[in-house]
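Open the model in your viewer and keep the selection panel at hand. The tour goes stop by stop.

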Amino acid sequence: MNIIVCVKQVPDTSEVKINPETGTLIREGVPSIINPLDMHAIEAGLQIKEKTGGRVTVLSMGPPQAETALRDAISMGADDAVLLTDRAFAGSDTWATSYTLSSAISKLNADIIICGKQAIDGDTAQVGPEVAEFLNIPHISYVRKIENVAESSIKVQRLMDEGYDVVETKLPVLLTVVKELNEPRLPSLRGKMTAKKAEIKKWSASDIGADENNTGLKGSPTQVRNIFAPEAKKDRTMLEGKPEEQVDALIQELRRLKCL
Amino acid sequence: MPVIVNIDKCNGCEECLASCPFDAIVIKEGKAFINEYCEVCMACISVCPEGAIIEVEKEKPKGADVGGYEGVWVFAEQRGGEVASVAYELLGVGRKLADELDTELSSVLFGASDTEAQELIRWGADKVYLSNAQIFERFNDEPYSELLSSLIREHKPEIVVAGATPIGRSFIPRVAAKLRTGLTADCTSLEIEKETGNLLQIRPAFGGNIMATILCPNSRPQMATVRPRVMKRGQYDEGRTGEIIDVKADGISSRTRVLDTIKEASEISFNLQEAEIIVSGGRGLGDPKGFKLLQELAQLLDCAVGASRAAVDAGWIPYRHQVGQTGKTVCPKIYIACGISGAVQHLVGMQSSDIIVAINKNAEAPIFNVATYGIVGDLYEIVPLLIKKIKEVKGMGN
């Protein structure tokens, strides 16, 4: 099996602090990590490889420093790593990102492509299904269990609102995974050594034959018009005083509104 | 980079630094430098007193053609033949958008009956494109995306909106990819820009306490998903009439098969979304034991317990309690946020609650921006007092 796992390097949001004056994100000193759901994707790839044999390639698009995320994936047991890095990719929205990733995947050939359901910085969950469409292959979202991998088909459980579906499809396929699927392994010491020395392939737009009209900001149908802080509610009441007084005031308000 | 600094003009005044929400500007050798964290939000451009920060003209993508597209569409999803309630909410906002654009509101319904289509008309649709072909009974990405994209190609709507549900979030991206158009996930507000008629799609931005307005100016349709319970339903009109158009699904096939659908009743998540009162805890609890205290308050109020992502990620409470962009969207009568700072990803999941009570040590916490009643204080002092007083009010003594 040729398995490709797509990963994204993201700021560790559990470490992110907000500037109280501007209400904006402070990135200074915030460590970068592999998107948490992508860790489950890597684990899924490694488990399939252990059963069926084959290779696991991790693929990422990002600035040169995203290389560290790929080394982390190799330390867990991935065989190869490819980083798509080019100024032409900067400012990509989900459409352009998916186009770029799928161009690289076409070059690599894959039986199974695995992505985390969504990234913690954008939360869109769009890149996985869009990549599948560009590759013209089926995809299954929110995989919570892989029941069976055969030579030309796969059977999985897809998490839905009120339970799950058992879904079967033909290979090649793209899966997006949720955290219920598995527990990502820790890197081994040997893995860490391998990762240090491993070669990370760096591909540019021309390396993957990507049309620059479809990459980066130029290839992105959506644009960010502006960003703004959410407005404060105008009818807010701050309950002042000692704790006792604050609680009394709250109870009074709730009773007045007949909520208590 | 599409936003650049003209270093001849830049005098290193650092005015731009604070304007950047992504911390993407650094001063190097007395000049501003925009690094790879730039999200091209343009916030710095107007701030620069020297006019040194400029946007590099973006070429219009080839083949861009926004003319000839008209009408607003709502994709109405069904489960087990029954239309999901998010569809009626989308018809509410869809009706407003269509009226503003002076155009028709249509709905697309796969795998349901005429009766359900009639219901969509009563909730505001002028037309319903209906296919009751068997292939659509159970959700399957390929046939869903194939038929929806071919309908869009044929009828050219300018706006297409779908629910940000497991179904919508899975197959709508395929439709956007096929049509080479933009898609904005989890919008919390949709408006029409007066001058251009473009759809303003508002959603939480990456990290931090900020929102972004997203546009899709050069391709059509403009596509967006909206989570359940974010929009309000429109007017229901028993006597409203409209047109139902039968859609053929010939030649639509799928490589994927749904073998079985298993229901798992999750009482807790049901309770969370239906609850009239929710007591919710965040990182400020500091400890999993904090939820024991909240549980006690919840039992007293006969209500549900929610949590922020920080508390769930810390392993203090299971994911099914999570409220926010990656958890559940809730809309109770009272939402009591204890030790939740109020990252925008949390706020979008609860800010339409009728009354929001915020208890937090930090007076600057963004949660107070959406609060109806704010208490600055230690929750471990406030909540036990609250429990005691509610018991008194309810005549339960101690």
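Which six strands form an open sheet, and in what order? Select S15(A)-S22(B)-S21(B)-S20(B)-S18(B)-S19(B): that is the order, and the pairing is parallel. Strands here are DSSP runs (E, at least two residues), helices are runs of H or I with at least four residues, and both are numbered from the N terminus. Two strands pair if DSSP finds at least two bridges between them.

Before moving on, note the ground rules. This is a predicted model, where local features need pLDDT of at least 70, side-chain atom pairs count only at pLDDT 80 or more, and totals for chains, interfaces and linings use all residues. Residues are numbered from 1 along each chain as its sequence is written, while chains are lettered from A and ligands numbered from 1 in the order in which they are written.

**Stop 1**

Strand S15 (237-238) of chain A and strand S19 (304-307) of chain B each pair on one side only. Next, pick S21 (residues 355-360) and S22 (residues 373-376) of chain B: four bridges link them in the parallel sense. Ala358(B) stands opposite Gly374(B). H6 lies across S18, S19 and S20 of chain B, at about 170° to S18(B). Axes are lines fitted to C-alpha atoms, for helices over the stretch in contact, and angles run from 0 to 180 degrees between N-to-C directions.

**Stop 2: the chain contact**

Colour by chain. The contact takes 79 residues from chain A and 87 residues from chain B; two residues are in contact if their C-beta atoms, placed from the backbone, lie within 7 Å. On the chain B side, helix H4 (residues 166-179) gives the largest share, nine residues. That side has 46 nonpolar, 19 polar and 22 charged residues.

Then select S14 in both chains. Residues 223-228 of chain A and 211-215 of chain B pair in the antiparallel sense over five bridges. Phe228(A) has Met211(B) as its bridge partner.

**Stop 3: Gly182(B)**

Centre on Gly182(B), in the loop between H4 and strand S11 (183-187) of chain B. Is Gly182(B) buried or exposed? Gly182(B) counts as buried because 27 C-beta neighbours lie inside 10 Å; the cut-offs, for C-beta atoms placed from the backbone, are 20 or more others within 10 Å for buried, 12 or fewer for exposed, and partly exposed in between. Not counting residues up to four places away in sequence, Gly182(B) touches residues of both chains, among them Asp93(A), Trp95(A), Ala176(B) and Cys216(B). Its C-alpha atom is 36 Å from that of Ile278(B), 96 residues apart along the chain.

**Stop 4: the chain B sheet**

Select S11-S15-S10-S5-S8-S9-S16 in chain B: seven strands, an open sheet, parallel pairing. S11 and S16 (243-246) are the edge strands. The twist averages 20° from one strand to the next. Zoom to S8 (residues 105-110) and S9 (residues 127-131), joined by five bridges. Val108(B) has Tyr129(B) as its partner. Helix H1 (residues 85-101) of chain B lies across S5, S8, S10 and S15, at about 175° to S5(B).

**Stop 5: a hairpin**

Finish at S2(B) and S3(B), a hairpin with two residues between the strands. Four bridges pair them in the antiparallel sense. Ile25(B) is partnered by Ile34(B). In the turn, Glu29(B) has a positive phi of about 50°.

Definitions and conventions
Nonpolar A, V, L, I, M, F, W, Y, C, P; charged D, E, K, R; others polar.
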